[in-house]
Amino acid sequence: MKTFDIDGVICMGNWVGVRPSPGDVIITGRSYEEADETNAFLHSNGITNQVYYNPVKFEDKSRESSGEHKAVIISRLITDGQKVLCHFEDDEVQAQIIERKTGLPVVLLKHNLVNKENVRRDSNGNELT
(Lines give C-alpha, C1' and ligand atoms only; values in the text may rest on other atoms or scores of the structure.)
Protein backbone atom coordinates (compact mmCIF):
# COMPACT_ATOMS: atom_id res chain seq x y z
CA MET A 1 0.00 0.00 0.00
CA LYS A 2 0.90 3.63 -0.41
CA THR A 3 -0.22 6.46 1.84
CA PHE A 4 -1.40 9.88 0.67
CA ASP A 5 -1.78 13.36 2.10
CA ILE A 6 -4.89 15.26 0.96
CA ASP A 7 -4.11 18.98 0.56
CA GLY A 8 -1.52 19.49 -2.15
CA VAL A 9 -1.54 15.84 -3.19
CA ILE A 10 -5.11 14.60 -3.71
CA CYS A 11 -6.83 17.99 -3.37
CA MET A 12 -5.36 20.75 -5.53
CA GLY A 13 -7.96 23.31 -4.51
CA ASN A 14 -11.18 22.43 -6.32
CA TRP A 15 -9.69 19.70 -8.52
CA VAL A 16 -8.07 16.31 -7.93
CA GLY A 17 -4.33 15.84 -8.29
CA VAL A 18 -2.80 12.44 -7.50
CA ARG A 19 -5.37 9.70 -6.93
CA PRO A 20 -4.80 6.80 -4.55
CA SER A 21 -5.40 3.29 -5.86
CA PRO A 22 -7.78 0.84 -4.20
CA GLY A 23 -6.17 -0.44 -1.00
CA ASP A 24 -4.09 2.70 -0.48
CA VAL A 25 -4.67 4.81 2.64
CA ILE A 26 -5.16 8.55 3.09
CA ILE A 27 -3.48 10.15 6.12
CA THR A 28 -4.39 13.79 6.37
CA GLY A 29 -3.31 16.63 8.59
CA ARG A 30 -6.92 17.83 8.45
CA SER A 31 -8.63 17.74 11.82
CA TYR A 32 -11.40 15.27 12.63
CA GLU A 33 -13.56 18.42 12.76
CA GLU A 34 -13.11 18.71 8.97
CA ALA A 35 -14.27 15.17 8.21
CA ASP A 36 -17.71 16.00 6.77
CA GLU A 37 -16.53 18.39 4.08
CA THR A 38 -13.46 16.26 3.38
CA ASN A 39 -15.48 13.07 2.93
CA ALA A 40 -17.90 14.95 0.66
CA PHE A 41 -15.00 16.16 -1.53
CA LEU A 42 -13.43 12.70 -1.71
CA HIS A 43 -16.69 10.85 -2.41
CA SER A 44 -17.81 13.37 -5.03
CA ASN A 45 -14.57 12.56 -6.84
CA GLY A 46 -14.96 8.78 -6.53
CA ILE A 47 -12.29 8.38 -3.83
CA THR A 48 -13.41 5.93 -1.15
CA ASN A 49 -10.10 4.98 0.50
CA GLN A 50 -9.82 4.81 4.27
CA VAL A 51 -8.98 8.20 5.79
CA TYR A 52 -7.06 8.82 9.02
CA TYR A 53 -7.82 12.30 10.40
CA ASN A 54 -5.64 14.35 12.72
CA PRO A 55 -7.03 13.87 16.26
CA VAL A 56 -6.50 17.52 17.27
CA LYS A 57 -8.95 20.41 17.03
CA PHE A 58 -8.72 22.53 13.89
CA GLU A 59 -7.30 25.58 15.66
CA ASP A 60 -4.65 23.49 17.48
CA LYS A 61 -3.07 21.79 14.48
CA SER A 62 0.16 22.87 12.83
CA ARG A 63 2.34 21.63 10.02
CA GLU A 64 4.56 19.96 12.62
CA SER A 65 1.72 18.27 14.52
CA SER A 66 0.27 17.08 11.21
CA GLY A 67 3.62 15.52 10.29
CA GLU A 68 3.80 13.84 13.70
CA HIS A 69 0.26 12.48 13.26
CA LYS A 70 1.13 11.04 9.83
CA ALA A 71 4.30 9.43 11.18
CA VAL A 72 2.36 7.81 14.04
CA ILE A 73 -0.25 6.35 11.67
CA ILE A 74 2.37 5.07 9.22
CA SER A 75 4.34 3.48 12.08
CA ARG A 76 1.15 1.85 13.37
CA LEU A 77 0.34 0.44 9.92
CA ILE A 78 3.84 -1.01 9.63
CA THR A 79 3.70 -2.46 13.17
CA ASP A 80 0.34 -4.04 12.29
CA GLY A 81 2.05 -5.90 9.43
CA GLN A 82 1.07 -3.69 6.49
CA LYS A 83 3.65 -3.30 3.73
CA VAL A 84 3.79 0.47 3.23
CA LEU A 85 5.81 1.39 0.14
CA CYS A 86 5.89 5.21 0.36
CA HIS A 87 3.97 8.31 1.38
CA PHE A 88 2.92 11.09 -1.03
CA GLU A 89 3.31 14.54 0.54
CA ASP A 90 3.63 18.18 -0.57
CA ASP A 91 4.81 19.78 2.68
CA GLU A 92 8.58 19.72 3.18
CA VAL A 93 8.24 20.14 6.95
CA GLN A 94 5.93 17.15 7.25
CA ALA A 95 7.97 15.07 4.77
CA GLN A 96 11.09 15.49 6.93
CA ILE A 97 9.22 14.43 10.07
CA ILE A 98 7.73 11.37 8.35
CA GLU A 99 11.09 10.28 6.89
CA ARG A 100 12.92 10.82 10.19
CA LYS A 101 10.34 9.01 12.35
CA THR A 102 9.44 6.13 10.00
CA GLY A 103 12.33 5.66 7.58
CA LEU A 104 9.68 5.46 4.84
CA PRO A 105 10.43 7.05 1.46
CA VAL A 106 8.38 10.20 0.88
CA VAL A 107 7.42 11.27 -2.64
CA LEU A 108 7.55 15.05 -2.34
CA LEU A 109 5.33 17.01 -4.73
CA LYS A 110 6.77 20.52 -5.01
CA HIS A 111 4.39 23.27 -6.10
CA ASN A 112 2.60 26.38 -4.86
CA LEU A 113 -0.96 25.39 -5.85
CA VAL A 114 -2.35 25.21 -2.31
CA ASN A 115 -1.77 26.97 0.99
CA LYS A 116 0.30 24.84 3.39
CA GLU A 117 -0.89 26.71 6.48
CA ASN A 118 -3.95 25.84 8.57
CA VAL A 119 -6.96 26.67 6.36
CA ARG A 120 -10.43 25.18 6.06
CA ARG A 121 -11.84 23.97 2.76
CA ASP A 122 -15.42 23.43 1.68
CA SER A 123 -16.80 20.19 0.22
CA ASN A 124 -15.59 21.29 -3.23
CA GLY A 125 -12.02 21.74 -2.00
CA ASN A 126 -12.10 25.54 -2.14
CA GLU A 127 -10.32 27.45 0.59
CA LEU A 128 -12.69 29.23 2.99
CA THR A 129 -11.83 32.76 4.06
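Predicted model: local features only at pLDDT ≥ 70, side-chain atom pairs only at ≥ 80, totals over all residues.

Q: What happens at the start of α3?
A: Look at D91. A side-chain oxygen of D91 comes to within 2.8 Å of the backbone nitrogen of V93. The D91 side chain also reaches the backbone nitrogen of Q94, at 3.2 Å.

Q: Where is D91 found, and is D91 buried or exposed?
A: D91 sits in the loop between β4 and α3. D91 is buried, with a relative accessible area of 2%.

Q: How do I read the faces of a helix?
A: Start with the general idea. An α-helix has 3.6 residues a turn, so residues three or four places apart point the same way. Now the case here. In α3, residues 92-102, the buried residues are Q94, A95, I97, I98 and T102. They span an arc of only 165 degrees around the axis, so they lie on the same side of α3.

Q: Which residues are exposed on the other side of α3?
A: Q96 and R100 are exposed there.

Q: What covers the buried residues of α3?
A: The cover includes α2 (63-79), β4 (87-89) and β5 (106-108).

Q: What does E89 touch, and which side chain does a polar contact join to that of E89?
A: A polar contact of 3.0 Å links the side chains of E89 and H87. Leaving out residues up to four places away in sequence, E89 touches D5, V9, K70, Q94, A95, I98, V106, V107, L108 and L109. Among these, Q94, A95 and I98 are also buried residues of α3.

Q: How do I read the nonpolar cores?
A: Ask which members touch the most others. The largest nonpolar core has 16 residues, and I6, V9, I10, I26, L42 and I47 touch the most other members. The elements giving two or more residues to this core are α1 (35-44) and β3 (50-54). α1 gives the most, with 3 residues. A second, separate core has 11 residues, including I27, Y52, I74 and V106.

Q: What is V9 in contact with, beyond its neighbours within four places in sequence?
A: V9 is in contact with F4, G17, V18, F88, E89, D90 and L109.

Q: How do I check for disulfides?
A: A disulfide is a covalent bond between the sulfur atoms of two cysteines. So compare sulfur distances with the cut-off, within 2.5 Å. The count here comes to 0 disulfides. C11 is in none, and its nearest cysteine sulfur, that of C86, is 20 Å away.

Q: Now a loop. Where is G46 found, and is G46 buried or exposed?
A: G46 is in the loop between α1 and β3. G46 is exposed, with a relative accessible area of 57%.

Q: How many residues separate G46 and R19 in sequence, and what is the distance in space?
A: They are 27 residues apart in sequence. In space, G46 and R19 are 9.6 Å apart, C-alpha to C-alpha.

Note on methods
Residues numbered from 1 in each chain as written. Heavy atoms only, no water. Core = buried A, V, L, I, M, F, W, Y, C linked by side-chain atoms within 4.5 Å. Buried < 20%, exposed > 50% of the residue type's maximum accessible area, 1.4 Å probe, protein only. Helix = DSSP H or I, 4+ residues; strand = E, 2+ residues; numbered from the N terminus. Contact = heavy atoms within 4.5 Å. Arc of directions from axis to C-beta. Polar contact = N/O pair within 3.5 Å; in protein donor to acceptor, adjacent residues only side chain to side chain.
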